[in-house]
Amino acid sequence: MSYNHAFQDDFYTSCTNEEESKLMVLKDKHALCEDLKYILSVPDLCDVTFLVGQEQYPVHGLRAILASRSRIFYLMILAKEKEIKIQDSQKKIGFMKKLKQIRKLLISKPSHKTLKSLPTKLTISVEEYEVSVFERLLRYIHCGVVSVDVFTVVGLLNAAENFELECLKNACWEFAVSCIRPDLVHDLIASANEYSTSKLTNQLLKEIQEISFNQPELLYYTPRSRSCSTLDLTDNRRNSKTTNGFLMRTVL
């Protein structure tokens, strides 16, 4: 009995002929993903902490994975390590001048000096993203899996662009366009206003504007607007304050 096509998601064999088949390759992606999720939830197992948003909320990750998956994260981590080394060197200058004997002892133990020169953990501030967006970004980078909704898709779209994650960017763009419908478009616009300075955000808002010209009901006949008249809704929109007033006026 041939098992070449059995459990296709878990393993496969190198040959289709049962008599010649002598190799099995096991693929246990689910277990690996779950293990990485667990690591991300335990700060002591991670070696880099990002302080995210204005509230500086800590989000943890692994330098090796971040650097290997994103060139921008790699450069960010290298820059932070260099900054820490320079700061440590400057702090030690006065101390070394006063205690030359201790300096000689430190130099005589190069292995310890090497270990001390490399920070075991890094802390990097990232203020331009919402916490929920950045957490999902790191989960995608570490596990290759991410859940995206209308409230986070614009943030993830811009984060994927900034960190050069082409696959995630393309997927988020397609999902964002699919959210241009009466029950989701207002939440999509509100989310987009959080990233109004981005080129991709402006492209998305233009996409909404173009679709709304052909489908006027898109922006008016929503659950949010049914409780009030069209006139009241229009007046409220005109008086509303957004981070991208011009685009909101042209769309609405």
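**Close-up views of a predicted model**

View 1. Across the whole structure, the search turns up zero disulfides, a disulfide being a pair of cysteine sulfur atoms within 2.5 Å. Buried stands for under 20% relative accessible area and exposed for over 50%, with partly exposed in between (1.4 Å probe, protein chains only).

**A note before you go on.** This is a predicted model, in which local features need pLDDT of at least 70 and side-chain atom pairs count only at pLDDT 80 or more, while totals for chains, interfaces and linings use all residues. Residues are numbered from 1 along each chain as its sequence is written, and side-chain values use heavy atoms, leaving out hydrogens and water.

View 2. The average pLDDT of the chain is 77, and 67% of the residues score at least 70; pLDDT is the predictor's confidence in each residue, on a scale from 0 to 100. Residues 1–7 have a pLDDT below 50, and this stretch makes ten contacts in the model beyond near neighbours in sequence. Residues 109–118 also have a pLDDT below 50, with three contacts beyond near neighbours in sequence. A contact here is a case of heavy atoms within 4.5 Å.

**View 3. The three-stranded sheet.** Three strands form an open sheet in the order E4-E3-E5, with mixed pairing. Strands E4 (57–61) and E5 (122–126) stand at the edges with a single partner strand each, so one side of each has no neighbour in the sheet. From one strand to the next, the twist averages 25 degrees. Strand E3 (residues 48–52) runs antiparallel to E4 and is joined to it by five bridges. Strands (E, at least two residues) and helices (H or I, at least four) are DSSP runs numbered from the N terminus, and two strands pair if DSSP finds at least two bridges between them.

**View 4. The hairpin turn and another positive phi.** The hairpin of E3 and E4 has four residues between its strands, and Gly 53 there takes a positive phi near 75 degrees. Gln 56, in the loop between E3 and E4, has a phi near 55 degrees, a positive value in a residue other than glycine. At 28% relative accessibility, Gln 56 is partly exposed. Elsewhere, Glu 164 lies in the loop between helix H7 (153–162) and helix H8 (166–178). Its phi is near 60 degrees, again positive in a residue other than glycine, and Glu 164 is partly exposed with a relative accessible area of 41%. Most residues other than glycine have a negative phi.

View 5. H6 lies across E3, E4 and E5 and runs at about 5 degrees to E4; axes are lines fitted to C-alpha atoms, for helices over the stretch in contact, with angles from 0 to 180 degrees between N-to-C directions. The largest nonpolar core has 51 residues, and Phe 50, Phe 73, Phe 134, Leu 137, Ile 141 and Leu 188 have the most contacts inside it. Helix H6 (residues 131–143) gives the largest share of this core, eight residues. Such a core is a set of buried Ala, Val, Leu, Ile, Met, Phe, Trp, Tyr and Cys residues joined through side-chain atoms within 4.5 Å. Not counting residues up to four places away in sequence, Phe 134 touches Phe 50, Val 52, Val 59, Phe 73, Val 126, Tyr 129 and Phe 163.

View 6. Ser 191 sits in helix H9 (residues 185–192) and is buried at 7% relative accessibility. Leaving aside neighbours within four places in sequence, Ser 191 is in contact with Val 150, Phe 151 and Val 154. Ser 212 belongs to helix H10 (residues 199–214) and is buried too, with a relative accessible area of 8%. The C-alpha atom of Ser 212 is 9.0 Å from that of Ile 180, a residue 32 places away along the chain.
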